[in-house]
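Please read each point with the structure in view.

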Amino acid sequence: ELKARGMLDWLGFMIHPDGDLSFFNDTTLGVAPQYDQLKAYAQRVGIEHGPREPGRTRRLADSRFMRVSSPDGRTLLLMDVGAPSPSYQPGHAHSESLSLEVSRDGRRVIVNSGVSTYEDCADRLRQRQTAAHSTVRIDGEEQAELWSSHRCGRRCLLTRSGMDSEVVWGEHHGYAYLPGGPVHRRAVAVGDADLRIEDMLTGNGEHSAEIFFHLHPDVEARKDDRSVELFLEDRKIGSIIPREGCGARVEEGTWHPGFNLSVP
């Protein structure tokens, strides 16, 4: 019973306000019962559970995820601050350290691309790679060495994370194999009016960095001179505004809410 309660608590922290799973590593929908169904089943078999409020911030130290809500509760951030795991068999892990997902007013806005197949094919490899996640890719290379359908070789072995007042942060050494040993650090502040993401590279030499933000299919992106305006059903919900000296572009992508599903 104690283990079941802990599992339900963890799952409750990792879902979006829509009641369904966040897309980290090999996660997709339509395979297992939803959180509310599991809670109801637990109640029927006599497992005491909740309701447990996650609070504004929650650090899941063992699995290395963070959950943060804005003071008004309208914005939710989920972030992966760990390395590919379990270390002895990371076949279901993705190259996604410091990736994040965001909901606003109960609707998903920023996502990871999800999983549509376990077949050994180009789609399977692409969905596990860094660019399929809302994180940073350095020099066009991968955080982790991936091949076949469930293989992972060289990977990040060191991550750190923490919470400083209203800011959550993490860093990973998945790119330490590159010349100069760059380390990616991400700090995120979740406020009522905005969500500020600061990505920093430390190390030596010059490197290129691409920051990917995958948008849920319901979100429309409109590019202006410098920023990207975000709309839900013609209602503006925010903007992605790069820092000075950085550019932004909008590209077509796909989201995979289930096996054999691909949504533009």
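1. In this predicted model, Arg137 counts as buried, because its relative accessibility is 18% and the cut-off for buried is under 20%. Its partner in a salt bridge is Glu210, with the closest N and O atoms 2.9 Å apart. Glu210 counts as partly exposed, at 25% relative accessibility.

2. A second salt bridge joins Arg107 to Glu233, where the closest N and O atoms are 3.5 Å apart. Arg107 belongs to strand 5 (residues 107-111), while Glu233 sits in the loop between strand 16 (228-232) and strand 17 (235-240), so the pair ties together parts that are 126 residues apart in sequence. Arg107 is partly exposed at 26% relative accessibility, whereas Glu233 is exposed, with a relative accessible area of 65%.

3. Arg222 and Glu220 also form a salt bridge, at 3.0 Å from N to O. Both residues are partly exposed: Arg222 has 32% relative accessibility, and Glu220 has a relative accessible area of 36%.

4. The structure holds 18 salt bridges. Arg74, Asp105 and Arg235 are linked by such bridges into a network. In general, side chains of opposite charge can pair when their charged atoms come close.

5. The protein chain has three helices and 17 strands. Its radius of gyration is 18 Å, which agrees with the value near 18 Å for a compact globule of 264 residues. Buried residues account for 43% of the chain. Of the contacts with a separation of 6 or more, 55% are between residues 24 or more positions apart.

How values were computed. Residues numbered from 1 in each chain as written. Predicted model: local features only at pLDDT ≥ 70, side-chain atom pairs only at ≥ 80, totals over all residues. Heavy atoms only, no water. Helix = DSSP H or I, 4+ residues; strand = E, 2+ residues; numbered from the N terminus. Rg over C-alpha atoms; globule rule 2.2 N^0.38 Å. Buried < 20%, exposed > 50% of the residue type's maximum accessible area, 1.4 Å probe, protein only. Contact = heavy atoms within 4.5 Å. Salt bridge = Lys/Arg side-chain N within 4 Å of Asp/Glu carboxyl O.
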